[in-house]
Amino acid sequence: MTVSVVIPAFEAEATVGAAISSALWQTYRDFEVVVVEDGSRDATGSIAGSFPEPVRVVRQENAGVAAARNRGVAEAQGELIAFCDADDVLLPQHLEALVAVHERRGGIVTSNCYWLFPGGIHPARTRYKGRFPAPERQRHAILEQNFVSTMSLFPKGLVDEIGSFDTELRVAEDWDFWLRAIYAGHRVALQPRPLALYRWGSSGLAADSARMDEHADAVLRKAAARDDLTRDERAYVKRRLAGPGPAELGRQGDEALRAGRYREAARRYREAAALCPSEPALLRKARVLRLAPQLVGPLVRSRQLRIEQAVGFEEGHVR
């Protein structure tokens, strides 16, 4: 099956060449690369246009990442779609591993990856560690958080079935898309090997925590308007919208941990884990600090700071 690797790109001249090159290095050879140049004012378009086939560049006026994803899917000629954002990197076996899981399990397949920080990667910092939501838990888990990586593979026909990415959402558009897919009956399988690099830095959309929180609320408000939520699901969404979400609570826990406020850190992690039991990192921190935060906290803090310093990331939300 042909895979269309869709790369939405906006003012990404520093990274888009690496993203495209990484797609071309794939061991799975039945693919094309569709770069959607979303009205950049820098050299993004000329860099992307310098690559030969199977790279195609589609240009449009700036309309945001959701519109760029939609345009890429519309232009794609493959039966399967795989996203790679313009600041991410795919390792050579990424597509081969995703397609292999898809052939066994069908549906949507999401990829594990390393977080790519300014100082590089660390083996302890991967997107998925520990449990992945079981099929019967995925309806509730997708309300808790977006547990599906951007770097996923799915049949192109899924967009015809559930609709395109919501262009009203400037970020978190993928969370809304996966939520609609799961509530339409589709399930997500994990490719557990970290075969991609997800860049986490100050310039990306994901780095704007307040904006992410705002759009997470927008996703949940859309979910609240659905008529197919169970009573428990509706109660959960109402609870989430009434206060800070697990991502915000987790960041508060990280901040308290760095500052040596161990009881506060334990409380924030406990609150975050109660809202998001599908996130293993939150559960681990909540459990470790639960009984003796003043005793265990310094050890947890020392380990976290050591890893953050090693990858050149000294503040912010790191799991």
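Mentor: Begin with a term: a nonpolar core is a set of buried Ala, Val, Leu, Ile, Met, Phe, Trp, Tyr and Cys residues joined through side-chain atoms within 4.5 Å. Keep in mind that this is a predicted model.

Trainee: Which residues touch the most other members of the largest nonpolar core?

Mentor: The general idea is that, in soluble globular proteins, nonpolar side chains tend to be buried together. Here the largest core has 53 residues, and Ile 142, Phe 147, Phe 154, Phe 177 and Leu 179 touch the most other members. A second, separate core has 36 residues, including Ile 7 and Leu 95.

Mentor: Two packed helices are described by the angle between their axes and the distance between the axes. Helix 11 (residues 262-275) and helix 13 (residues 293-310) pack at about 85 degrees, with axes 9 Å apart. Angles of 65 to 115 degrees count as roughly perpendicular, so helix 11 is roughly perpendicular to helix 13. Tyr 262, Arg 263 and Ala 266 of helix 11 meet residues of helix 13 including Pro 293, Gly 297 and Arg 301. By class, this contact of helix 11 with helix 13 has four nonpolar, two polar and two charged residues.

Trainee: Is Val 311 buried or exposed?

Mentor: Buried means under 20% relative accessible area. Val 311, in the segment after helix 13, has a relative accessible area of 1%, so Val 311 is buried. Not counting residues up to four places away in sequence, Val 311 touches Phe 117, Pro 118, Gly 119, Gly 120, Ile 121 and His 122. The C-alpha atoms of Val 311 and Trp 115 are separated by 9.7 Å, although these residues are 196 apart along the chain.

Trainee: What about a charged residue such as Asp 213: is Asp 213 buried or exposed?

Mentor: Asp 213, in helix 8 (residues 209-224), counts as buried because its relative accessibility is 19%. The side chains of Asp 213 and Arg 251 are joined by a polar contact of 2.4 Å.

Trainee: How do I read the backbone?

Mentor: Most residues other than glycine have a negative phi, and most peptide bonds are trans. Glu 11 has a positive phi, near 45 degrees, and Ala 172 has a positive phi near 65 degrees. Glu 11 is partly exposed at 32% relative accessible area, whereas Ala 172 counts as buried at 7%. A cis peptide bond joins Glu 53 and Pro 54, with omega about 10 degrees. Pro 54 lies in the loop between helix 2 (44-49) and strand 3 (55-60).

How values were computed. Residues numbered from 1 in each chain as written. Predicted model: local features only at pLDDT ≥ 70, side-chain atom pairs only at ≥ 80, totals over all residues. Heavy atoms only, no water. Axes fitted to C-alpha atoms, helices over the stretch in contact; angles between N-to-C directions. Helix = DSSP H or I, 4+ residues; strand = E, 2+ residues; numbered from the N terminus. Parallel < 35°, antiparallel > 145°, perpendicular 65-115°, else oblique. Contact = heavy atoms within 4.5 Å. Nonpolar A, V, L, I, M, F, W, Y, C, P; charged D, E, K, R; others polar. Buried < 20%, exposed > 50% of the residue type's maximum accessible area, 1.4 Å probe, protein only. Polar contact = N/O pair within 3.5 Å; in protein donor to acceptor, adjacent residues only side chain to side chain.
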